[in-house]
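Please walk through this structure with me, one region at a time.

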Amino acid sequence: MPSADEIKQRIETAIPGANAEVEDYTGGGDHFRASVTAAAFEGRSRIEQHRLVYDVFGAEIGGAIHALALKTQTPSKAPIH
Amino acid sequence: MSSQPDSLPMMSSEPSAAPAPSGESNPIRDAICEAISEHKVILFMKGTPDAPACGFSARTVAVLQSLEAPFAAVDVLPDPRIRQELSAISNWPTIPQLFVDGELVGGCDIVCEMYESGELAQALV
């Protein structure tokens, strides 16, 4: 069962330069919410941005990972912390 | 209610023994493609608009209903092959999936984001 931290690591490893914030919002290890900021999203539609993230997990989405709610953005649109 | 759930024609037929290999006839895939092309706005969801079986599907239905957009709905739960074939067609792993004018718009996250930005209302016109 993946942890929020594992999901974060896998997204950041698979998408170079990505910054992911991941929350296990039920605490059950199968429903996650991720906010991903990546330069790789630049010039891509929302659908394509979400596909890039979903592709990291392949068949695990809908399997071990029941839900992965996504918010994607490019660094230029990210709020400054 | 502005919408009625559709049922795909193959749902009443006997399940075939094995998934059809690519290149051969695939009635489920054909029925999904036909449904997508026949309806301007079609939502593939878990459950029905009146009785959604998943929070993400429920939220997407609520957004469409708040825009008073007529839409067709297909419940993917009666047969797991509907979901398999749909995801193969759309290259999108999760349910719900909203199609407008034959194109995948997105799942719950994208639909809700587009609702908040006003883009969804424009897309549905």
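**Layout of chain B**

Along its sequence, chain B runs β-α-β-α-β-α-β-β-α-α. That makes 5 helices and 5 strands; helices are DSSP runs of H or I with at least four residues, strands are runs of E with at least two, and both are numbered from the N terminus. This is a predicted model: local features need pLDDT of at least 70, side-chain atom pairs count only at pLDDT 80 or more, and totals for chains, interfaces and linings use all residues. Residues are numbered from 1 along each chain as its sequence is written, while chains are lettered from A and ligands numbered from 1 in the order in which they are written.

Of the 125 residues in chain B, 36% are buried. A residue is buried if 20 or more other C-beta atoms lie within 10 Å of its own, exposed if 12 or fewer, and partly exposed in between, with C-beta atoms placed from the backbone. Among contacts in chain B with a separation of 6 or more, 64% join residues 24 or more positions apart. Contact means that the C-beta atoms of two residues, placed from the backbone, lie within 7 Å.

Now take one helix pair. Helix α1 (residues 27-38) and helix α3 (residues 80-90) of chain B have axes that come within 9 Å and cross at roughly 65 degrees. Axes are lines fitted to C-alpha atoms, for helices over the stretch in contact, and angles run from 0 to 180 degrees between N-to-C directions. From α1(B), Ile28(B), Arg29(B), Ile32(B) and Cys33(B) meet Arg81(B), Ile82(B), Glu85(B), Leu86(B) and Ile89(B) of α3(B). By class, this contact holds 6 nonpolar, no polar and 3 charged residues. Ala, Val, Leu, Ile, Met, Phe, Trp, Tyr, Cys and Pro count as nonpolar, Asp, Glu, Lys and Arg as charged, and the others, Gly among them, as polar.

The largest nonpolar core has 28 residues, and Leu43(B), Phe44(B), Met45(B), Val76(B) and Val111(B) touch the most other members. Such a core is a set of buried Ala, Val, Leu, Ile, Met, Phe, Trp, Tyr and Cys residues joined through C-beta atoms within 7 Å. The largest share of this core, 5 residues, comes from α4(B). Beyond neighbours within four places in sequence, Val111(B) contacts Thr60(B), Val63(B), Leu98(B), Val105(B), Gly106(B) and Leu120(B). Another core lies apart, with 17 residues, including Ile15(A), Phe32(A), Ile65(A) and Leu70(A).

Where do the chains meet? In total, 8 residues of chain B are in contact with 11 residues of chain A. On the chain B side, β5 (103-106) and α4 each supply at least two residues. That side has 4 nonpolar, 3 polar and 1 charged residues.

Just after α2(A), Gly58(A) takes a positive phi of about 50 degrees.

Finish at Pro75(A), in the segment after β3 of chain A. Pro75(A) counts as partly exposed because 13 C-beta neighbours lie inside 10 Å. Pro75(A) and Ala38(A) are 37 residues apart in sequence, yet 6.0 Å apart in space, C-alpha to C-alpha. Leaving out residues up to four places away in sequence, Pro75(A) touches Thr37(A) and Ala39(A).
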